[in-house]
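User: I would like to learn how to read the features of a structural model, one at a time, starting with a helix. Could you take me through them?

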Amino acid sequence: MTKNRVGNRKTVPSGQSKKKKAKRKSTKYYDYNLLAAVIILLCFGLVMLYSASAYESVTKFHNDLFYFGKQAVISVAAIGLALLVSLIDYHWYMKLSGYLYILGFLLMLLVLSPLGVEAYGARRWLKLGVQFQPSEVAKIGVILFLPYVILKMGKKIQTLKGEMFILFLGALQAVAAWKFTDNLSTAIIIFLIACVILYLADPKSTWMVVAAGIFAAIGIVAIFWLKDHLYILETENGFRLNRIYEWLQGGSYQVLQGLYAIGSGGILGKGLGNSTQKINTIPEAQNDMIFSIICEELGIFGALLLLLMFGYLLYRLFFIAQNAPDLYGSLVVSGIFGHIAIQVILNLLVVMNVIPTTGITLPFVSYGGTSVLFLMTEIGIALGVARRITFRNDEIQESSEKESAKNVLTNS
């Protein structure tokens, strides 16, 4: 028999105490860590952009804030856009993903029309009120449409026919980016995004990895065999072979100057704003070569800090993909993860002269309004998936107050 302090008697089995009852409740989630990581990257990029572009801005536009000012305004607008996109239920994109896929293809086709704009020696931009790169629309179209097709195919995705169909959809947009906008590097990124999405949807498709390795090996052997046969081509479409030729000969002028900048930075760098290579030495240092300026001014320490920020950003995307409420959300975020990771890796490989020059910018850091806007749109989509994550937390509720439980008297 047991008796509590208020005198109420209750018969219970000997040696058994009152059990705790678990009450389960749902907790909505919002990935503030991902948002904070992106904002920190954007702020870091703005600081380095000003440092890398101030001299060129003064000499060309008589305004040291020319590049910085434009990028800052676009960055603030992009953050607002990401927050707005994050409020949209990502399932809504399933209905529009096919149209977005087709729209990206048609916009790239329009680059060949009088609406196309040529800049920096390449015709990759489209002016429809505002100037932008339609290939960025194609990337988002692939990221949103391929997971939808995979869901519709079901178990057919595990067949060779299904896998080839997904690769065909990715290759179609990649070829359009290459032929319509003359942008081979973006074409490679689009196709690799498709490969990432397909592999995560069907991990048994290891044949893709084997095939990619074989083709890469053949390509490397072919390039080095052609080393003594290549020559500088003075033709309109010979710039890609020229880049390969320069790479085989030790690197282009821009890349070599970037390597000098990296080497002169040392461990802690020369100090913010003290780069010498950015002064008429590295052309367009604020674009795809900005990592070399970071190494020169902030040293290996600053470079590692930047890589850690990218690593944390990718970790947050990985976390969202793992905990997404359904397969569509998981594959979409995985596509975004793949896009950012591929672009960062390719940019660093170019700067370190591991691969020929591609013109790929460093996400969130390099100068480029179109890139920032569309990357932040992807981040907004990822945040929208994160908002749908629901965690179950156990809330332990005592059957009686602690004070009463401590004062239970047991009578034999």
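Analyst: Helices (H or I, at least four residues) and strands (E, at least two) are DSSP runs, numbered from the N terminus, and the expected span of a helix is 1.5 Å times one less than its number of residues. This is a predicted model, in which local features need pLDDT of at least 70 and side-chain atom pairs count only at pLDDT 80 or more, while totals for chains, interfaces and linings use all residues. Residues are numbered from 1 along each chain as its sequence is written, and side-chain values use heavy atoms, with hydrogens and water left out.

User: What span should the 25 residues of helix H11 have at 1.5 Å a residue, and how far apart are its end C-alpha atoms?

Analyst: Helix H11 (residues 327-351) should span 36 Å, and its end C-alpha atoms are 36 Å apart, which agrees. Just after H11, Asn-353 adopts a positive phi of about 65°.

User: How many of the residues of H11 are buried?

Analyst: Buried means under 20% relative accessible area, exposed over 50%, and partly exposed in between (1.4 Å probe, protein chains only). By that rule 21 of the 25 residues of H11 are buried, and the helix is mostly covered.

User: How should I read a salt bridge, and how many does a search of the whole structure find?

Analyst: Side chains of opposite charge can pair when their charged atoms come close. The term is used here for a side-chain nitrogen of Lys or Arg within 4 Å of a carboxyl oxygen of Asp or Glu, and the search of the whole structure finds six. In one of them Arg-316 pairs with Asp-31, their closest N and O atoms being 3.1 Å apart. Arg-316 lies in helix H10 (residues 290-323) and Asp-31 in the loop between strand S3 (21-28) and helix H1 (32-61), so the pair ties together parts that are 285 residues apart in sequence. Both Arg-316 and Asp-31 are buried.

User: Where do Glu-56 and Lys-60 lie?

Analyst: Both belong to helix H1, four residues apart, about one turn of the helix, and they form a salt bridge whose closest N and O atoms are 2.9 Å apart. Glu-56 counts as buried because its relative accessibility is 14%, whereas Lys-60, at 47%, counts as partly exposed.

User: Which parts of the chain does the pair of Lys-270 and Glu-296 link?

Analyst: The side chains of these two residues meet in a salt bridge (3.0 Å, N to O). The pair links distant parts of the chain, with Lys-270 in the loop between helix H9 (253-265) and H10, and Glu-296 in helix H10, 26 residues apart. Lys-270 counts as partly exposed at 33% relative accessibility, while Glu-296 is buried, with a relative accessible area of 0%.

User: Where is Ser-366 found, and which residues is it in contact with?

Analyst: Ser-366 is found in the loop between H11 and helix H12 (369-387) and is buried, with a relative accessible area of 4%. Contact means heavy atoms within 4.5 Å; leaving aside neighbours within four places in sequence, Ser-366 is in contact with Gln-71, Gln-286, Asn-287, Asp-288, Ile-290 and Thr-361. With Asn-287, a polar atom of the Ser-366 side chain lies 2.7 Å from the backbone oxygen.

Conventions
A polar contact is a pair of N or O atoms within 3.5 Å; within protein, one must be able to donate a hydrogen and the other to accept it, and residues adjacent in sequence count only if both atoms are side-chain atoms.
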